[in-house]
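Subject: Structure for your review

Dear colleague,

Please find below the structure that I am handing over to you. My notes on what was found in it follow directly after.

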Amino acid sequence: MTTATIIGSGFASLAAATSLADKGAKVTVVEKNASTGGRARKFTEQGFTFDMGPSWYWMPDVFEKYFNRFGKSVSDYYDLKRLDPSYRVFFKDEQVDIPSSFQSLIELFEAREKGAGQKLRKFLEDAAYKYDAGVNDLVYKPGLSVLEFAQWKVMKGLFQLDLLKNFKDFARGYFSDPKLLSLIEFPVLFLGAMPQDTPALYSLMNYADMKLGTWYPMGGMHKIVEGMETLAREKGVNFRLGEPVQRIYQNGSMRVVTDRESISSDVVVGGADYHHIDTQLLDESDRQYKSKYWGTRTMAPSCLLYYVGVKKKVDGLLHHNLFFDTDFQQHAKEIYKTNVWPESPLFYVCCPSKTDDSVAPQGMENIFMLIPIAPGLEGDSEAIRERYFDTLVNRIEKHTGTSFKNDIIYKKSYSVSEFQKDYNAFKGNAYGLANTLLQTAFLKPRIQHKNLNNLYFTGQLTVPGPGVPPSLISGQVVADLIAKHHKLN
Ligand SMILES: Cc1cc2nc3c(=O)[nH]c(=O)nc-3n(C[C@H](O)[C@H](O)[C@H](O)COP(=O)(O)OP(=O)(O)OC[C@H]3O[C@@H](n4cnc5c(N)ncnc54)[C@H](O)[C@@H]3O)c2cc1C
C-alpha cells in the first residue's frame with residue numbers, strides 16, 4: 001500500500017490527503033497548529049466566532065465538484081446561502097449595493113454609464129468563456145511543462161483567453177466610469193497584483209463575482225474546513241496536529257522529521273508555504289530555488305486584520321462591505337510598487353452576523369476588517385495598528401451613520417508577524433504568489449521536486465494559485481499526479 005505524509009492542513013493539504021486516501025493510499029497529515037484549516041482557521045472569544053482568513057465564498061461549482069468527486073455533495077456538510085445584495089461599496093460620495101440579480105446589475109451599470117449595461121453583458125460573456133476554459137480545464141493541469149498548454153485545446157483558446165493583454169487596458173476597452181472600473185478591478189487587486197500587471201484572463205473572477213454570485217456557508221467559512229476534515233477522516237486519513245515538521249529528506253523512502261519523531265513514507269506532499277519548505281525544511285543540497293529566485297517573486301499582499309466584537313448592531317453595514325472612499329490607485333501603488341504603509345487605505349469589512357446569528361451573541365455584531373498591505377512591511381507596531389484601527393472605525397461610522405466605537409467589547413489585530421509565526425508565511429503573505437503572467441501555470445514553483453521524485457508540493461504558492469477554490473484544486477491536481485506516478489486507481 002502506498003503511504004503518504006502530507007504537511008499542513010489547509011484546503012490544499014486536506015484536498016490532497018482525501019483524494020489520495022480515496023485512491024487507496026495510507027495518508028497521514030502533519031500540522032504544526034493545534035487545529036486544521038491553515039489560513040482559514042477560526043477562534044471563539046466572548047461568544048463571538050471569528051473566521052480568521054477567507055470570507056468570500058465564490059465559485060460554488062468548484063466546491064460542489066470537490067465533494068462530488070467522493071460521491072458527496074456540499075449540502076452533506078454545510079448549508080450554503082446566496083447573499084443578496086452580494087456586497088455594498090462605499091464610495092466617497094455614495095454607496096452602491098451590488099445586486100445578485102444579473103438584470104438588476106445590468107441596469108445599475110447602464111444608469112451610471114450609457115451603453116455600459118450592454119457592455120457588461122459582452123464583458124461577462126467573454127469572462128464566461130475564460131471561466132469555463134480556465135477553471136474547468138486549465139487550472140487542473142499540473143503545470144509541469146509548457147507542452148501541456150501546447151496540446152491544451154490545441155491552443156485554440158489562447159488568444160481568446162487574453163493571457164498577453166493586461167487587465168487594466170482590457171477593462172478600459174469596455175468601461176470608462178471610474179466607479180464601475182473599481183468594481184471590475186477590485187477582485188484582481190485584492191487577490192494579487194496591479195490590474196496592469198495581471199493578465200486579462202482574470203476577468204474570469206468577474207464572472208465568478210457577478211454571475212455565479214457570493215455565497216456563505218451558515219456557521220462560517222470554517223464549516224468548509226470542518227466538512228473537508230470530516231470527509232478526510234471518513235476516508236481514513238490520520239491527523240497529527242500541533243506537530244511542526246522540521247526536516248524533509250530522502251533515505252531510501254521519504255522522511256519527515258517532526259519535533260517528535262521521524263515519519264517514513266513513499267510520498268511526501270508539502271502543503272505548507274513552498275518557500276518555507278524549500279528554504280527551511282529541505283537540506284541545502286535539496287533546495288530547488290536560490291534566494292535570488294524567492295527575492296524576485298511577486299508576492300500577493302499581506303493584510304492588517306482586526307477581529308472585533310461590538311455589543312450592539314451596526315446599522316448601515318451589509319455582510320460584505322468595501323470601503324473605496326479613498327484613492328484606489330494610490331493604495332494599489334503602496335501595496336505593489338512602493339511597498340510602504342498606506343497613507344489612506346481602502347479596506348474591506350465583513351460582518352457575518354448580518355446573515356448568521358451563530359457567530360455573535362444576540363443583538364451584537366461580529367466584525368472583521370482587512371487592509372491589504374505590502375508583503376514583508378517593516379515597522380509594524382501597536383501604535384501603527386491602533387492608528388489604522390481608529391481611522392477605519394471613524395470611516396465606518398461616518399459612512400454608515402452609526403457610532404459604535406464605545407460599544408467595542410472585543411478586539412484583536414493580526415498582521416505580517418502573525419502570518420509568519422502561525423503559517424511560516426514568506427514575507428507574511430496572506431494569499432501566496434500574485435497572479436502575474438510570469439507566475440502563471442508552468443511558471444510557478446514546481447508541483448514536483450526536480451530531484452526528489454517522491455516529494456510534491458501543493459497550496460497557494462504553486463499551481464494554480466491563491467484563493468480557496470484554487471487551493472482546493474491544487475490538492476486534487478497533486479493527488480492525481482501522484483496517483484498517475486504511483487499507479488493508484
Ligand atoms: C485574511 C485572508 C483573507 C482571505 N480571503 C479570501 C477569500 O475571501 N476568499 C478566498 O477564496 N480566499 C481568500 N484568502 C486566501 C485563502 O485563504 C488561501 O488561498 C487558502 O486558504 C490557502 O490554503 P493553503 O492550503 O494553500 O495554505 P494554508 O491555509 O496556509 O495551509 C498551510 C498549512 O501548513 C501549515 N504549516 C506551515 N509550516 C508547517 C510546518 N513546518 N509543519 C507542519 N505544518 C506547517 C500551516 O500551519 C497551515 O495550516 C484569504 C486569505 C487570508 C489570509
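Helices and strands are taken here as DSSP runs, of at least four residues for helices (H or I) and at least two for strands (E), numbered from the N terminus. In that numbering, P464 sits in the loop between β19 (455-457) and α15. Please note that this is a predicted model.

The peptide bond that joins V463 and P464 is cis, with omega about -5°. A cis peptide bond also joins D84 and P85, where omega is about -5°; P85 belongs to the loop between β5 (80-82) and β6.

Overall fold. The protein contains 15 helices and 19 strands. Along the principal axes, the C-alpha atoms fill a box of roughly 65 × 55 × 45 Å. Of the 489 residues, 49% are buried. Among contacts with a separation of 6 or more, 73% come from residues 24 or more positions apart.

Domains. The domain assignment gives domain 1 (3-40 + 221-297 + 433-485) and domain 2 (101-209). Their C-alpha centres lie 29 Å apart. Domain 1 brings 18 residues to the contact, and domain 2 brings 17 residues. On the side of domain 1 that touches domain 2, the residues divide into twelve nonpolar, five polar and one charged.

Ligand site. The ligand is surrounded by 38 residues, the closest being G8, G10, G38, A272 and G459. By class, this shell has 19 nonpolar, 16 polar and three charged residues. At least two residues of the shell come from each of α1 (11-22), β14 (302-310) and α15 (468-485).

Strand β15. This strand (residues 320-324) is largely enclosed by the rest of the structure, because five of its five residues are buried. In a regular strand the side chains alternate between the two faces of the sheet. In β15, both faces are covered: H320, L322 and F324 lie on one side, N321 and F323 on the other, and all are buried. Strand β6 (residues 87-91) pairs with β15 in the parallel sense over four bridges, and N321 of β15 is the bridge partner of R88. The pairing of β15 with strand β16 (residues 347-350) is antiparallel, again over four bridges; here F323 has F347 of β16 as its bridge partner.

Helix α8. This helix (residues 204-212) is mostly covered, with seven of its nine residues buried. The buried residues are L204, M205, N206, Y207, A208, D209 and M210. Just after α8, G213 adopts a positive phi of about 95°.

Backbone points to check. Which residues other than glycine have a positive phi, Q46 and K487 being the cases noted here? Q46 has phi near 50° and is found in the loop between β3 (42-45) and β4 (48-51). Q46 counts as exposed because it has 11 C-beta neighbours inside 10 Å, the limit for that class being 12 or fewer. K487, in the segment after α15, has phi near 55°. With 8 C-beta neighbours inside 10 Å, K487 is therefore also classed as exposed.

With kind regards

Conventions:
Residues numbered from 1 in each chain as written. Predicted model: local features only at pLDDT ≥ 70, side-chain atom pairs only at ≥ 80, totals over all residues. Near = placed C-beta within 6 Å. Nonpolar A, V, L, I, M, F, W, Y, C, P; charged D, E, K, R; others polar. Buried ≥ 20, exposed ≤ 12 C-beta atoms within 10 Å, placed from the backbone. Contact = placed C-beta atoms within 7 Å. Pairing = 2+ DSSP bridges. Domains from an automatic or database assignment.
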